[in-house]
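Here's a quick briefing to read alongside the model. Take a look at the sequence and fold before going through the notes.

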Amino acid sequence: MNSLAALIGRLDETNNLPLYQQLQRGLRQAIENKLLGPDDALPPERDLAEQFRVSRITVRKALDGLVSEGLLTRKQGSGTFISGRVEKNFSKLTSFTEDMIARGRAPRSSWLRKSKGSVTPEESLTMGLSPGTPVYRFHRLRFADDAPMALEYCTVPAFCLPSADAVESSLYAALEMAGHRPTRALQRLRAVLFTAEQAELLRAHEHDAGLLVERRGFLPDGRAVEFSQSYYRGDIYDFVAELNASELE
Ligand code: 16G
C-alpha cells in the first residue's frame, strides 16, 4: 500500500479539529471513496504514527473510533483491516449467530428487552395466533466484534420455549433445544431511514439508509414460531440470493 499520508494528506496542527479526528476523517473518506478496499491491512500503528507525525496514542484513538463504527476490524495477532461489507444470503434460514461465526466475526448482543406478554393485533394477524396468545419478546442490538450491525425485534409464541430466559446468546439455538426451530420462513425486505433513536443505537446518523428484513418462521406443521423485524445498517450489509430458472422449465 502506498503511504497513507500521501493518500490522505498531512494533518493540520493549526486546525480546530483534534488530530485524531482529522486522521479518523481522512481514513473514513479513503474507505468510503474506495482508496482502501475490503480486507486491506493497515500499516502497524507505529508506522502510521511516523507517517502522520503524531503519537501512537493519537493513532490508536483514531483507529478505535473506526473499529467501533464497523469500518475497521482488529484481528488478534495479525493487525487491523478494512472491514468488508457483510454479504448475507437472503434465501438461507440461518441465524445471526451462525452468519457471523461463518464470517469469522464474533457475534454478541446487548439486550433491550426480554419479556412475556400477549400478542398485539398486528402480531396476531401476522402469525395467525388467536388474540390473547402468550408470547415472548426479544429486543436486541446485535454486534459483530465491537461493531453494531442490526437492531432486532423478535416475537415468539410462548409454547415454543420453556421460558424467556432460555434465550441467552442465540434465539435459534434455544428454539432448536426446545425442538421448535423454524424449518420454513417468509421474508420481506424493505428500505428504511433510521430514526434518531435507531441511529444512536447503531452508531449511524439519523436518516441514514437501512434495510428492514421481516421474517416469519414456521414449524413443519405450519405453526408460526417467529415474527422478527431486523434493521440492518445499509452501509455494511448486502443481501444476496442465488436464483435459478428451474421452476420455469
Ligand atoms: C437472524 C434472523 C432472525 C432470527 C435471528 C436469530 C434474518 C433476516 N433474521 O437475524 O429472524 O430471529 O437470526 O438469531 O436473518 P440468533 O439465533 O443469533 O439469536
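What follows covers the nonpolar cores, then the sheet and one of its strand pairs. Keep in mind that this is a predicted model.

**Nonpolar cores**
- The largest nonpolar core has 21 residues, and the members touching the most others are Leu-36, Phe-52 and Leu-72.
- Four helices each put at least two residues into this core: H1 (4–8), H2 (19–32), H3 (45–52) and H4 (56–68).
- H4 is the top contributor here, giving five residues.
- Zooming in on Phe-52, and skipping neighbours within four places in sequence, you'll find contacts to Leu-4, Ala-5, Ile-8, Gly-9, Arg-10, Leu-11 and Leu-23.
- There's also a second, separate core of 15 residues, with Ala-158, Cys-160, Tyr-172 and Leu-219 among them.
- As background, nonpolar side chains tend to be buried together in soluble globular proteins.

**The six-stranded sheet**
- Six strands form an open sheet in the order E4-E5-E6-E9-E8-E7, and the pairing is antiparallel.
- At the edges sit strand E4 (107–118) and strand E7 (184–193), each of which pairs on one side only.
- On average, and ignoring direction, neighbouring strands of this sheet are turned by 15 degrees against each other.

**A closer look at E6 and E9**
- Strand E6 (residues 147–157) runs antiparallel to strand E9 (residues 224–233), and the two pair over six bridges.

Notes
Residues are numbered from 1 along each chain as its sequence is written. This is a predicted model: local features need pLDDT of at least 70, side-chain atom pairs count only at pLDDT 80 or more; totals for chains, interfaces and linings use all residues. Side-chain values use heavy atoms; hydrogens and water are left out. A nonpolar core is a set of buried Ala, Val, Leu, Ile, Met, Phe, Trp, Tyr and Cys residues joined through side-chain atoms within 4.5 Å. Buried means under 20% relative accessible area, exposed over 50%, partly exposed in between (1.4 Å probe, protein chains only). Contact means heavy atoms within 4.5 Å. Two strands pair if DSSP finds at least two bridges between them. Axes are lines fitted to C-alpha atoms, for helices over the stretch in contact, and angles run from 0 to 180 degrees between N-to-C directions.
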